[in-house]
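Hello,

Here is the structure I promised to pass on. Please have a look, then read my notes below.

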Amino acid sequence: QVQLVESGGGLVQPGGSLRLSCAASGGIFSIDAMDWYRQAPGKQRELVAVITRGGSIHYANSVKGRFTISRDNAKNTIYLQMNSLKPEDAAVYYCHTQRVCDTFLRCLELWGQGTLVTVSS
């Protein structure tokens, strides 16, 4: 089946950087906009950044100027470069797409399992 798999999370000190990856696999026919969400314990899941298939990008105000989202359509992969990390950025980061279609033209919304980012000194 089609799935999204995140990687790149870990422990970083405040002010440090991490680069997250999310790869879609499983017989992809097409995939539309992809995005990153995050969720800290006891908090709502929030949208961090989104990138459309055509390359349009939107960021949450809390990460604007510090995070960069990018996309490699040939690999069905998106990335999130996170710089100047703050303790408030600590969360499980989830990859997501509203619409991915497999080679049988079955389409669905899809979430990854998440990757943990810890920001602590």
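A residue counts as buried under 20% relative accessible area, exposed over 50%, and partly exposed in between (1.4 Å probe, protein chains only). By that scale W111 is partly exposed at 33%. Y94, at 15%, is buried.

Some ground rules. This is a predicted model, where local features need pLDDT of at least 70, side-chain atom pairs count only at pLDDT 80 or more, and totals for chains, interfaces and linings use all residues. Residues are numbered from 1 along each chain as its sequence is written, and side-chain values use heavy atoms, with hydrogens and water left out.

**Aromatic rings**

The structure holds two aromatic pairs. Rings of Phe, Tyr and Trp (its six-membered ring) pair if their centres lie within 6.5 Å; planes under 30 degrees apart are stacked, over 60 edge-to-face, the rest tilted. Y94 and W111 have ring centres 6.5 Å apart and planes at 85°, so they are edge-to-face. Y94 is in strand β10 (91–102) and W111 in β11 (107–111), so the pair ties together parts 17 residues apart in sequence. Strands are DSSP runs (E, at least two residues), numbered from the N terminus. Y37, Y94 and W111 form one aromatic cluster.

Four strands form an open antiparallel sheet, ordered β1-β3-β9-β8. Strands pair if DSSP finds at least two bridges between them. The edge strands are β1 (3–7) and β8 (67–72).

Best wishes
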